[in-house]
Amino acid sequence: DYRRMWVFAFDMALHAGDFAFTFDGGISPKRIMYSETFTAHAMPLLHLSGGIQYTYGTSWYVSLAPYLFVVWPAAGTPALLEFDEHGDVHTSWGLIALVRKTFLDEDLKIEIVGFWGASKGDYGGLAQVEYNLLDYHHFSLGIQLLGGPEHSLIGPFQTDDRLFVSYRFTF
């Protein structure tokens, strides 16, 4: 049963030299959220995020972005994954960071991405090196780490850390 979900959103950016300051948000009158027992519940959701980004040519990119979700669940809704309860309002907040550096005319890329879900203590990270050969062949090597409390969104996957090697062919 397909149901369209509406989101009313905005975004703003202020550029100052190599820096950009961003702010965006949105409200959805009926968004599906999941309880700690992984049952779906529709409720209003407000999303706000901001950030600072630094770009130096095409070789450096750094981004730091805090986020906040606010929901208003109906009475009797079980505890929600990733949300702290504050009476009738539940909140979830955290931080996402990214650092990327390119070399060799952008054929070699080193990237580190991390997130921290402050509300429940989830965290994750990805470190990756990618090399593009002749614009068609893409090789990468990396590591992904996940963790958090057992009753959180990422916690059940904390034993799923992985090392990976990949090859992509594009045309």
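E111 counts as buried, with a relative accessibility of 10%; buried stands for under 20% relative accessible area, exposed for over 50%, and partly exposed for the range in between, using a 1.4 Å probe and protein chains only. This is a predicted model, in which local features need pLDDT of at least 70, side-chain atom pairs count only at pLDDT 80 or more, and totals for chains, interfaces and linings use all residues. Residues are numbered from 1 along each chain as its sequence is written, and side-chain values use heavy atoms, with hydrogens and water left out.

**Salt bridges**

E111 has a partner in R100: the two form a salt bridge whose closest N and O atoms are 2.8 Å apart. The term salt bridge is used for a side-chain nitrogen of Lys or Arg within 4 Å of a carboxyl oxygen of Asp or Glu. This pair links distant parts of the chain, with R100 in strand β6 and E111 in strand β7, 11 residues apart. While E111 is buried, R100 is partly exposed at a relative accessible area of 27%. Strands here, like helices, are DSSP runs numbered from the N terminus: helices are H or I with at least four residues, and strands are E with at least two.

By the salt-bridge rule, the count comes to 3. Here they are side by side:

| Pair | N to O distance | Relative accessibility |
|---|---|---|
| R100 and E111 | 2.8 Å | R100 27%, E111 10% |
| E130 and R168 | 3.3 Å | E130 11%, R168 41% |
| D84 and K120 | 3.9 Å | D84 23%, K120 25% |

The side chains of E130 and R168 meet in a salt bridge at 3.3 Å, N to O. That pair also links distant parts of the chain: E130 sits in strand β8 and R168 in strand β10 (residues 162-169), 38 residues apart. E130 counts as buried, whereas R168 is partly exposed.

D84 and K120 join their side chains in a salt bridge of 3.9 Å, N to O.

**A buried lysine and its surroundings**

Where is K101 found? Its place is strand β6 (residues 89-103). K101 is buried yet has no salt bridge, and E106, the nearest side chain of opposite charge, is 10 Å away. Leaving aside residues up to four places away in sequence, K101 touches S59, W60, L108, K109 and I110, where a contact means heavy atoms within 4.5 Å.

E106 belongs to the loop between β6 and β7, and L104 is placed in that loop as well, with β7 covering 108-117. Most residues other than glycine have a negative phi. L104, however, has a positive phi near 50°, and E106 has a positive phi of about 70°. L104 counts as exposed at 57% relative accessibility, while E106 is partly exposed at 41%.

I32 stands opposite A42 in β3. Between β2 and β3 the hairpin has 5 residues, and F38 in the turn shows a positive phi of about 60°.

β3 also runs antiparallel to strand β4 (residues 60-71), joined by 10 bridges. T55 stands opposite Y61 in β4. This hairpin has 3 residues between its strands, and G57 takes a positive phi near 60°.

**The chain as a whole**

How many helices and strands does the chain have? Its secondary structure comes to 0 helices and 10 strands. The C-alpha trace spans about 55 × 40 × 35 Å along its principal axes. Of the 171 residues, 29% count as buried. Among contacts between residues at least 6 apart in sequence, 42% join residues at least 24 apart.

The accessible surface of the chain comes to about 11100 Å², and 65% of that belongs to carbon and sulfur atoms; these areas come from the Shrake-Rupley method with a 1.4 Å probe. The chain has 10 positive and 19 negative charges, and their mean positions are 7 Å apart. Lys and Arg count as positive and Asp and Glu as negative, without His and the chain ends, and each charge is placed at NZ of Lys, CZ of Arg, CG of Asp or CD of Glu.

Methods:
Two strands pair if DSSP finds at least two bridges between them.
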